[in-house]
Amino acid sequence: MPDVPSIYQAYRLENRGNRLQKAIRIAAAELETMTAAIFKAAGLPGDWAQMEAEVLVWADLRGLGSHGVLRVPGYVAGMRHGLRRPDADIRVLFQKGALAVVEGDRGPGLYAMRKTMEEAIALARDHAIGWVTLRNGTHTGPLGFYVRQATEAGLIGIAFSSSRPLMAYHGTRAATVGTAPLAIGVPRLGNGALVLDMAHAAITIGNLAQARLSGTPLAAGVALDATGHVTTDPTRAVTPLPVGGPKGAGMALMIECLASLLAGAPLLNTAFDDPALRHEHVQNGVCIALDPELFLAPGAFAGEVERLVDGVKDQPIAAGFAEILMPGERGDREAMRRQRDGIPLPTALWDELAALARRLGVALPEPLNDG
């Protein structure tokens, strides 16, 4: 197992082989119920457990397995080892005008980010914009979930987060900056939204975990091994490279400035000062909500977004493409399929979750099928 924070170690590398290629399908509602019960049995308050389970299953529904229930064993291990505090005092530390800071107190990051966006939405109702920073949180999960909180309220949503060193900075051969995920969501007509959700790493930590789980070789040029050399072997890869070279590295550095330095909670500087902190698991996040009616008449912005979508989709389709997709569209379609057919989980992951559930006395749902 590579030297990464234990909070990310969402599975064991046992029982490799054909079992890793198989999948178990679980109904989304039952997977969510089981996940919430595991978190509650591990010590989370019931409402926190439910809110965290909703975020993880939301990711799995959309095919974002790197940020789905694969994280459950690592989150539980984090609570057991004091890295993720189930008794955290998560609260608004201070608020002035449209700005606020939420103290995460090393508590569950998914719950804390949901509360952070809720605060940003409330501030946007009063000030047309809300900028809320979460400091001293833990893994923030799929940022697309939080910006959809804003779009469902008719607002523009932006979210990004910073972490200890996980990704090589352009020109280095060691973990130097965070992977710096960023999501932007804008409302469309009806209940739809355009949602861009991306990290600034060529491969995320979660995707590395998935590659190890399945034994899938990595694409060339996405990760370094422990000696700082590029590798395609998922069992040797430890450090992602930035997407776009200096562009991804530069974005990661600036997100650290906005999410960490501005909140008085530097993550990279303290890690550089004290190497013992390099693998300490803590994250900061920012949630921004903006009311488009500050600029335009009610409904006008969403209408223009729809017109933009239509204009792009009307363009000639390039060779090799069946259609032109908008940000978030593929995930929404996948969610509809998985709501109907169930969520596929690798057999090794399901065995890990099932063992954890049994240890905590949590009932297991019946799989829909075995493949």
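I began with Arg114, which I found in helix H4 (residues 109-127); helices (H or I, at least four residues) and strands (E, at least two) are DSSP runs numbered from the N terminus. I am working with a predicted model, in which local features need pLDDT of at least 70 and side-chain atom pairs count only at pLDDT 80 or more, while totals for chains, interfaces and linings use all residues. Residues are numbered from 1 along each chain as its sequence is written, and side-chain values use heavy atoms, with hydrogens and water left out.

Is Arg114 buried or exposed? I noted it as buried, because its relative accessibility is 12%, where buried means under 20% relative accessible area, exposed over 50% and partly exposed in between (1.4 Å probe, protein chains only). Not counting residues up to four places away in sequence, Arg114 touches Met51, Glu54, Val55, Phe145, Tyr146 and Gln149, a contact being heavy atoms within 4.5 Å.

For helix H6 (205-214), I recorded seven of its 10 residues as buried, namely Ile205, Gly206, Leu208, Ala209, Ala211, Arg212 and Leu213. The cover over these buried residues includes strand S11 (239-240), strand S13 (343-346) and helix H11 (347-359). Just after H6, Gly215 takes a positive phi of about 75°.

H6 also supplies at least two residues of the lining of the largest pocket, as do helix H5 (143-152), strand S5 (156-163), strand S9 (193-198) and helix H10 (329-341). Which element gives the most to this lining? I found that H10 does, with five residues. By class, I listed the lining as 17 nonpolar, 19 polar and eight charged residues; here Ala, Val, Leu, Ile, Met, Phe, Trp, Tyr, Cys and Pro count as nonpolar, Asp, Glu, Lys and Arg as charged, and the others, Gly among them, as polar.

Last, I checked pLDDT, the predictor's confidence in each residue from 0 to 100: the protein averages 92, and 94% of the residues score at least 70. Over residues 1-20 the pLDDT is below 50, although this stretch has 50 contacts in the model beyond near neighbours in sequence. Where pLDDT is low, the predicted coordinates should not be read in detail.
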